[in-house]
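The following exercises ask the student to read local features from a protein model. Each task is followed by a solution in steps.

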Amino acid sequence: MLPYKFISESRVGELLEWEPVVDAVEHALKSVSTGCAFQSPRVKIVLPESNLLYSTPGYLKDDKYGALASRVMTKFPSNRRLQPPRSALNANISLMDESTGVVKAIIQGNELTDWRTAAVSVVATKHLHKEKPKEILAIIGAGIQGRIHAIAFQTCFKFREVRIWNRTGKRAVDLARKLNHELKTDAFVSCETVSDCVKNADVIVTAAMAKEMLVKHEMVKKGAHINAISVNPSGTDLDEETYRISKVFCDHWTGVEHELQHIIAFGAKFVGQVGDVIAGSVQAPGAGETSIFQSLGMAVEDCALARLIYDLDQIVK
Ligand SMILES: NC(=O)C1=CN([C@@H]2O[C@H](COP(=O)(O)OP(=O)(O)OC[C@H]3O[C@@H](n4cnc5c(N)ncnc54)[C@H](OP(=O)(O)O)[C@@H]3O)[C@@H](O)[C@H]2O)C=CC1
Ligand SMILES: O=C([O-])C1=[NH+]CCC1
């Protein structure tokens, strides 16, 4: 018998629901602004053939979602070309007892990463795009993050229309069809161009890992909110001017200093952490102001989700 609990991907998938996941990451985002987050910038090691190993240790001090946890994640882009294809990102979380530091659970971390990243964007949209229209959602990139964001946003906000664009167009067509079927709706549509997808959208999610700055400022409606998910030091999904004309928010300042110098170099105006807005120390963007949430991912989000999953695993049979 293992001296710790092992929680598999399929078990994580059985346990998670959007409402508690959104609540958990909202606590995590707020913790960076209230002194309850203990975490360092992500450590990244470049492996042969440009594969990557990331480590994100952290401690979240919180009655409901507090946890001491560390996530190890690898990025092997060629996994997508395997037969059958495998995810490029693969993660595991070790969850430790807060009073002894002894490992109490190992949680497979791909579902956790997908759900928490989309839930963080939901929380950012809720606070940065408060009381603004949420009729049209545009999703750029129909990969793992594009799909999970489509599901999370439609579950939490019920947009009238959810447009999906992808470089390989067939993936956008297939995803829209599948989601309409799974969520019993006709809200999902695929678009042939980025411009058609983004035009008049109230909220935009970019998860395309592009180097080509796909979304140009003139395509974006004034007052829209953009969740920029891709993390890529050699490029951005948004053009430089979009960063310059928007109020830009992050998840944590230390991550910005460590990983987003290329975006600062565009002249981006980072005005706060999402947690600052939740905590009330920074104002949300006004009616006509365009906002960007530049998502990096951070350890305390993983802590909150690991605690939620661990607790649910004890009670849900
Ligand atoms: N902020 C956070 O917390 C997290 C961020 N991420 C980031 O999100 C991004 C997406 O990850 P994920 O969905 O898992 O990746 P996937 O491999 O599942 O999907 C990648 C997507 O990017 C598209 N793409 C790749 N290169 C280009 C290009 N040059 N131009 C246009 N589209 C392109 C692909 O299109 P096609 O189908 O044509 O290949 C595909 O839609 C990554 O940058 C990842 O690092 C991931 C997890 C957490
Ligand atoms: O937090 C995360 O899992 C990631 N952030 C950027 C790449 C993956």
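**Exercise 1.** Determine where Lys184 is placed and whether Lys184 is buried or exposed.

*Solution.* Lys184 is found in the loop between helix H5 (169-182) and strand S10 (188-190); helices (H or I, at least four residues) and strands (E, at least two) are DSSP runs, numbered from the N terminus. Next, the relative accessibility of Lys184 is 73%, so this residue counts as exposed. The classes are buried (under 20% relative accessible area), exposed (over 50%) and partly exposed (in between), with a 1.4 Å probe and protein chains only. Finally, Lys184 has a positive phi near 50 degrees, although it is not glycine.

The model is predicted: local features need pLDDT of at least 70, side-chain atom pairs count only at pLDDT 80 or more, and totals for chains, interfaces and linings use all residues. Residues are numbered from 1 along each chain as its sequence is written, and side-chain values use heavy atoms, with hydrogens and water left out.

**Exercise 2.** State in which loop Met213 lies and give its phi.

*Solution.* The loop is that between strand S11 (203-206) and strand S12 (225-228). The phi of Met213, which is not a glycine, is positive at about 50 degrees.

**Exercise 3.** Describe the surroundings of Ser70.

*Solution.* Ser70 belongs to strand S5 (residues 67-75). Its relative accessible area is 17%, and therefore Ser70 is buried. Beyond its neighbours within four places in sequence, Ser70 has contacts (heavy atoms within 4.5 Å) with residues including Ser55, Pro57, Asn92 and Met96.

Note on methods
Chains lettered and ligands numbered in written order.
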